[in-house]
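Work through these exercises with the sequence and the model side by side. Try each task before you read its solution.

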Amino acid sequence: MKVTSEMDQCLASLRSIQSSLSTLIVLSKREESKEELYEAILAVREAADDIQKRLETY
C-alpha cells in the first residue's frame with residue numbers, strides 16, 4: 001500500500017511540474033525557450049505515463 005501511495009504522490013508531482021512548464025511556455029518570449037520547455041514537458045509526460053501504467057498493473 002505504501003508503494004502505491006508514493007507512486008500516486010510522484011504522479012501528482014509530475015502533473016504539477018507539467019502544468020508549471022506549460023505556464024512558462026505561455027509566459028516565455030523566446031522561441032528557443034518555448035521549444036526547450038516543450039521538450040521538458042514531453043519528458044515529464046513520458047515519466048508520468050510510465051508511472052500511471054505501473055499503477056494500473058500494481
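The exercises below go from the whole chain to single residues.

This is a predicted model, where local features need pLDDT of at least 70, side-chain atom pairs count only at pLDDT 80 or more, and totals for chains, interfaces and linings use all residues. Residues are numbered from 1 along each chain as its sequence is written, and side-chain values use heavy atoms, with hydrogens and water left out.

**Exercise 1. The whole chain**

Task: Find how many helices and strands the protein chain has, and describe its spread.

Solution. 
- Step 1. Count the elements. The protein chain has two helices and zero strands. Helices (H or I, at least four residues) and strands (E, at least two) are DSSP runs, numbered from the N terminus.
- Step 2. Check the spread. The radius of gyration is 14 Å, well over the 10 Å that the globule rule gives for 58 residues, so the protein chain is more spread out than a compact globule. The radius is taken over C-alpha atoms, and the rule is 2.2 Å times the number of residues to the power 0.38.
- Step 3. The C-alpha trace spans about 45 × 15 × 10 Å along its principal axes.
- Step 4. The accessible surface comes to about 4500 Å², and carbon and sulfur atoms hold 54% of it. Such areas come from the Shrake-Rupley method with a 1.4 Å probe; for residues, only the protein chains shown count as cover.

**Exercise 2. Helix α2**

Task: Compare the reach of helix α2 with its expected span, then list its buried residues.

Solution. 
- Step 1. Helix α2 covers residues 31-57, which is 27 residues.
- Step 2. From first C-alpha to last, α2 reaches 39 Å, close to the 39 Å expected at 1.5 Å a residue. The expected span is 1.5 Å times one less than the number of residues.
- Step 3. The buried residues of α2 are S33, L37, I41, V44, A48, I51 and L55. Buried means under 20% relative accessible area, exposed over 50%, and partly exposed in between (1.4 Å probe, protein chains only).
- Step 4. These buried residues pack against α1 (2-27).
- Step 5. Recall the geometry. An α-helix has 3.6 residues a turn, so residues three or four places apart point the same way.

**Exercise 3. The core**

Task: Which residues make up the largest nonpolar core?

Solution. 
- Step 1. Set the rule. A nonpolar core is a set of buried Ala, Val, Leu, Ile, Met, Phe, Trp, Tyr and Cys residues joined through side-chain atoms within 4.5 Å.
- Step 2. Name the members. The largest nonpolar core has eleven residues: M7, L11, L14, L21, I25, L37, I41, V44, A48, I51 and L55.
- Step 3. Assign them. The elements that give two or more residues to this core are α1 and α2. Helix α2 gives the most, with six residues.
- Step 4. Follow one member. L55 touches T4, M7, D8 and L11, not counting residues up to four places away in sequence. Contact means heavy atoms within 4.5 Å.

**Exercise 4. Salt bridges**

Task: How many salt bridges are there, and which residues form them?

Solution. 
- Step 1. Set the rule. A salt bridge is a side-chain nitrogen of Lys or Arg within 4 Å of a carboxyl oxygen of Asp or Glu.
- Step 2. Count. A search of the whole structure finds three.
- Step 3. K2 pairs with E6, with the closest N and O atoms 3.8 Å apart. Both lie in helix α1, four residues apart, about one turn of the helix. K2 is exposed at 62% relative accessibility, and E6 is partly exposed at 44%.
- Step 4. E32 pairs with R30 at 3.5 Å, N to O. E32 is partly exposed, at 47%.
- Step 5. R54 pairs with D50, with the closest N and O atoms 3.1 Å apart. These two are four residues apart in helix α2, so about one helical turn separates them. D50 is partly exposed at 37%.

**Exercise 5. Residues of α1**

Task: Is Q18 buried or exposed, and which residues does Q18 touch?

Solution. 
- Step 1. Q18 is found in helix α1.
- Step 2. Q18 has a relative accessible area of 12%, so it is buried.
- Step 3. Q18 touches I41, V44 and R45, not counting residues up to four places away in sequence.
- Step 4. Now take A12, also placed in helix α1. A12 is partly exposed, at 47%.
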